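Grab your viewer and work through the exercises below. Try each task before you read its solution.

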Amino acid sequence: MSTTTETVTQMVTPTASLKLSTSSIALPQPSCSSQSQMQALSSARASAQSQASSNSISPAAPAHAKSAIYSANANFQRNTKLNDANTIPNPNSDPNTNLNAPKSQKQMTKAERREQQEAQRAAKATAKTTASQSGTSSSKPTSTHKQSASVSGKGAAYPSAATPKKPGKGQDWKPAKGETKEGAYPHLQMDETPRGLRIFSHFGAPKPPAVTKGDIHPAIIRLGLQFAAFKITGANARCIAMLTAFKTVIQDYVTPPNNTLSRHLMVQLSPQITHLVSARPMSVTMGNAIRQMKLEISGSDIDLPEQDAKNALCDTIDNYIRDRILLADQVIQETAGSKIKDGDVILTYARSSVVEKVLLHSWADGKRFSVIIVDSRPMLEGKALLKSLTAASIPCTYLLLPSLPSVLPHTTTLFVGAHSLHANGAVFSRAGTAMVAMMAKSRSIPVVVCCETYKFAEGIRWDGVSKNELAPTPFPPSSTSNSSSQHNLAIKMNPNLSMLSPLYDLTPPSCITAVVTEVGIIPPSSISSIPGALGRVTIGA
């Protein structure tokens with residue numbers, strides 16, 4: 001600054017003959033933050049003005065005077081650039097320059113960009129909530145967008161938080177990898193589903209009656225409604241009802257011209273099966289029966305008249321029901337009944353049609369014993385078993401699952417049914433069976449599973465979580481007259497409570513003593529020998 005002062009003083013000398021106006025020396029506005037530099041610049045300007053007022057400079061001033069002015073300006077601008085970090089805003093500068101303009105996307109750090117996006121999403125959610133409360137959720141907040149744009153000015157680097165805008169042009173913006181159209185961070189999006197239920201979202205949940213698609217037979221539509229309302233429950237009952245409905249479909253079927261029954265009937269049955277599965281997930285017994293039925297259809301004689309072919313298929317279905325279900329149950333009754341002695345206390349859980357037949361047959365043979373029925377919510381199937389046994393004058397005790405430890409010391413044998421039996425010997429049955437079997441095994445009580453061979457599955461199961469089904473809430477879904485359903489309905493109306501009721505669980509083979517089938521009593525470790533005993537390569541065939 002001292003150099004600038006000396007140059008200006010030397011330039012304006014008393015010997016000058018021209019009039020020097022104050023506007024001819026145009027020094028830049030101070031932009032340094034140092035107080036001493038400001039004071040030196042002010043004194044230099046005052047000295048120049050005092051010297052110019054008392055002297056005159058001719059228009060033909062020496063060239064060295066003009067060059068001195070230019071050098072002074074250049075030195076001053078160079079000094080101010082060195083102190084750019086400490087620049088003081090000039091109130092007299094261009095008013096269109098926005099000194100408070102936000103940083104651009106390239107200047108912002110990753111944390112700042114994330115914070116900006118979160119603020120934009122929060123503002124968007126607030127705008128939607130306000131619009132829905134005022135009854136104008138369908139209208140767009142255009143006035144807010146215009147007002148925020150005018151406030152931000154022309155130099156704004158990004159839109160305001162009240163009107164977030166996606167990168168790209170118009171509505172053709174596509175999210176980048178790992179992003180969604182709701183935001184670049186999908187894990188920050190709120191999900192209304194409780195976390196406990198999202199874990200079991202793959203379970204087969206009960207569904208309302210679906211709209212029929214395609215050519216669905218009325219018998220299949222009626223059966224689907226019964227499945228969805230849980231009016232037909234149990235692996236055997238569902239399989240028999242399905243095969244009976246398929247007999248009606250086959251009898252009403254007419255082969256189109258230029259087609260054969262063995263090929264076109266398969267196409268006709270596919271939407272029927274899909275409709276039943278949409279009403280309720282398919283059981284292992286239904287899958288094995290459908291596989292056997294398709295095998296018989298594909299092997300039918302193409303030279304056989306249509307009506308004879310349909311009658312033959314219906315006879316095959318009747319034979320399957322008789323041999324694999326009804327006669328199998330009779331054999332299991334004889335085999336399992338031989339394990340019941342007079343004075344025994346039989347423990348059973350929920351309701352199994354095979355176990356019910358075993359107990360009724362043993363009582364009809366003159367054996368005298370008592371039965372303890374353990375039940376649990378939400379289905380409470382043990383009530384139907386209790387009604388059937390008490391009608392035959394069998395002494396029974398009914399209790400819920402939490403009271404099981406109090407009756408185990410008096411129990412001699414545990415009989416349970418099965419929804420399916422897998423190749424590793426695990427039993428997939430009604431939820432709660434595993435707990436009853438484990439507690440009975442811990443007290444050295446024999447655990448006997450009554451199961452037909454057509455319930456065997458080739459695959460293995462290690463848990464009851466990978467695949468399961470949820471019971472409807474309230475249960476039964478079509479009834480609200482009894483107190484139990486009203487209680488469940490009151491619980492479901494509570495917004496702070498989520499109900500999770502799996503229908504099945506998996507009992508490990510280590511907790512099972514023996515499996516009673518129509519081919520004999522076998523241990524769980526010998527399940528793989530069942531297909532060979534039936535003379536087949538595969539279990540479901």
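## Exercise 1: a helix and its two partners

α7 passes α9 in a right-handed crossing (a crossing is right-handed if the near helix is turned clockwise from the far one by less than a right angle, and left-handed if anticlockwise). Before going on, note that this is a predicted model, where local features need pLDDT of at least 70, side-chain atom pairs count only at pLDDT 80 or more, and totals for chains, interfaces and linings use all residues. Residues are numbered from 1 along each chain as its sequence is written, and side-chain values use heavy atoms, with hydrogens and water left out.

**Task.** Work out how α7 and α9 pack, and which residues meet there.

**Solution.** 
- Step 1: find the helices. Helices (H or I, at least four residues) and strands (E, at least two) are DSSP runs, numbered from the N terminus.
- Step 2: get the geometry. The axes of α7 and α9 are 8 Å apart and the packing angle is about 20°. Axes here are lines fitted to C-alpha atoms, for helices over the stretch in contact, with angles from 0 to 180 degrees between N-to-C directions.
- Step 3: name the arrangement. That angle makes α7 roughly parallel to α9 (under 35 degrees is roughly parallel, over 145 roughly antiparallel, 65 to 115 roughly perpendicular, and the rest oblique).
- Step 4: list the contacts, meaning heavy atoms within 4.5 Å. From α7 come Ile-220, Ile-221, Leu-223, Gly-224, Phe-227 and Ala-228, and they meet Gln-272, His-275, Leu-276 and Ala-279 of α9.
- Step 5: sort by class. The α7 contact with α9 has seven nonpolar, three polar and no charged residues. Ala, Val, Leu, Ile, Met, Phe, Trp, Tyr, Cys and Pro count as nonpolar, Asp, Glu, Lys and Arg as charged, and the others, Gly among them, as polar.

**Task.** Now do it for α7 (residues 218–228) and α8 (residues 235–251): at what angle do their axes cross?

**Solution.** 
- Step 1: the axes of α7 and α8 come within 9 Å and cross at roughly 165°.
- Step 2: α7 and α8 are therefore roughly antiparallel to each other, and α7 passes α8 in a left-handed crossing.
- Step 3: α7 brings Ala-219, Ile-220, Leu-223 and Phe-227 to the contact, while α8 brings Arg-238, Ala-241, Met-242, Ala-245, Phe-246, Thr-248 and Val-249.
- Step 4: by class, the contact of α7 with α8 has nine nonpolar, one polar and one charged residues.

## Exercise 2: the cores

**Task.** Which residues have the most contacts inside the largest nonpolar core?

**Solution.** 
- Step 1: A nonpolar core is a set of buried Ala, Val, Leu, Ile, Met, Phe, Trp, Tyr and Cys residues joined through side-chain atoms within 4.5 Å. Buried means under 20% relative accessible area, exposed over 50%, and partly exposed in between, with a 1.4 Å probe and protein chains only.
- Step 2: the largest core has 34 residues, and Leu-223, Met-242, Leu-243, Phe-246 and Leu-265 have the most contacts inside it.
- Step 3: α7, α8, α9 (261–279), α10 (284–298) and α11 (306–337) each supply at least two residues of this core. The largest share, eight residues, comes from α8.
- Step 4: zoom in on Leu-223. Leaving aside neighbours within four places in sequence, Leu-223 is in contact with Ile-232, Ala-241, Met-242, Ala-245 and Leu-276.
- Step 5: apart from this core lies another, of 30 residues, including Val-427, Val-436, Ala-440 and Cys-511.
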